[in-house]
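Dear colleague,

Please find below the structure I am handing over to you, together with its sequence. My notes on one helix and its surroundings follow.

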Amino acid sequence: MRIPAHSVCTAIRDDIVSGVFERGSRLTEELLARRYGVSRVPVREALRTLESEGFVVTRRHAGACVAEPTELEAADLLEVRTLLEPLGAARAAQRRTEAHLKVLRGLVRLGQDRARRGEGDDLRSLGGWFHETLAQASGSPGLIALLTQLRHKIDWMYAVEPSARPVDSWAEHGAIVDAVARGDAERARALAAHHAERAAAAHRPRRRPGAPGAGRVRTSQPSVNSAGVRN
């Protein structure tokens with residue numbers, strides 16, 4: 001049975017984001033096909049998609065490699081997200097369904113309960129699901145796709161410092177949901193903008209294991225790293 005290219009794409013993207021494939025490392029079709037147990041055809045299609053998303057670059061004499069974003073490129077992503085998330089919240093206030101509201105309220109209740117109890121281990125995952133659901137509630141396929149891609153790339157480039165006051169963060173989530181439920185697009189936009197700006201301040205460039213000067217996103221594109229993929 002032929003494995004869909006989008007499934008292979010998701011698997012490769014996840015491995016890039018998690019650091020299995022380090023920045024600058026080569027991505028050969030043969031190695032990837034063997035790793036995921038597929039033919040080279042879906043791998044080739046997946047690499048084209050990942051190149052269009054900015055996770056992969058094609059270099060002369062080297063082929064496909066994991067991209068190495070510059071510090072400016074990484075900072076731009078955070079800024080773009082602070083612009084798009086408020087738009088998504090405003091759209092959600094106009095287009096959300098009762099099903100969206102039910103999920104959002106459930107996530108807020110769970111997040112607030114975990115925050116009050118000091119059970120912060122899965123708060124980041126809950127926050128991710130909250131923002132993903134809020135984007136879905138916008139009813140805008142193009143905006144949903146952009147926010148999803150931004151989330152993947154920011155997770156790849158940045159580590160997030162745990163909030164010193166998670167209760168406050170989840171109170172902000174709750175206020176956004178209240179505005180969305182009332183259909184108050186401008187209030188939802190303003191609250192989401194404030195929340196996005198505060199969240200951006202907690203992001204720190206992710207360390208590149210073993211690299212000189214780790215702790216910074218690289219500010220230039222170095223020569224290709226031809227070392228094997230770390231499993």
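In this predicted model, helix α5 passes α8 in a left-handed crossing. The two helices pack at an angle of about 160°, with their axes 9 Å apart. Since angles over 145 degrees count as roughly antiparallel, α5 and α8 are therefore roughly antiparallel to each other.

On the α5 side, the contact includes Leu101, Leu104, Leu107 and Val108, as well as Arg105 and Arg116. Among the residues they meet in α8 are Pro166, Val167, Trp170, His173 and Val177. By type, the residues of this contact divide into twelve nonpolar, four polar and two charged.

Helix α8 itself covers residues 166-182, which is 17 residues. From its first C-alpha to its last it reaches 25 Å, close to the 24 Å expected at 1.5 Å a residue. Gly183 follows the helix and has a positive phi, near 75°.

The buried residues of α8 are Ser169, Trp170, Glu172, His173, Gly174, Ile176, Val177, Ala179 and Val180. Besides α5 (98-117), they pack against α4 (71-95), α6 (123-137) and α9 (185-200).

Leaving aside neighbours within four places in sequence, Arg198 is in contact with Asp168, Ser169 and Glu172. The C-alpha atoms of Arg198 and Ser169 are separated by 9.1 Å, although the two residues are 29 residues apart along the chain.

With kind regards

Key: Residues are numbered from 1 along each chain as its sequence is written. This is a predicted model: local features need pLDDT of at least 70, side-chain atom pairs count only at pLDDT 80 or more; totals for chains, interfaces and linings use all residues. Side-chain values use heavy atoms; hydrogens and water are left out. Helices (H or I, at least four residues) and strands (E, at least two) are DSSP runs, numbered from the N terminus. The expected span of a helix is 1.5 Å times one less than its number of residues. Buried means under 20% relative accessible area, exposed over 50%, partly exposed in between (1.4 Å probe, protein chains only). Contact means heavy atoms within 4.5 Å. Axes are lines fitted to C-alpha atoms, for helices over the stretch in contact, and angles run from 0 to 180 degrees between N-to-C directions. Angles under 35 degrees count as roughly parallel, over 145 as roughly antiparallel, 65 to 115 as roughly perpendicular and the rest as oblique. A crossing is left-handed if the near helix is turned anticlockwise from the far one by less than a right angle, and right-handed if clockwise. Ala, Val, Leu, Ile, Met, Phe, Trp, Tyr, Cys and Pro count as nonpolar, Asp, Glu, Lys and Arg as charged, and the others, Gly among them, as polar.
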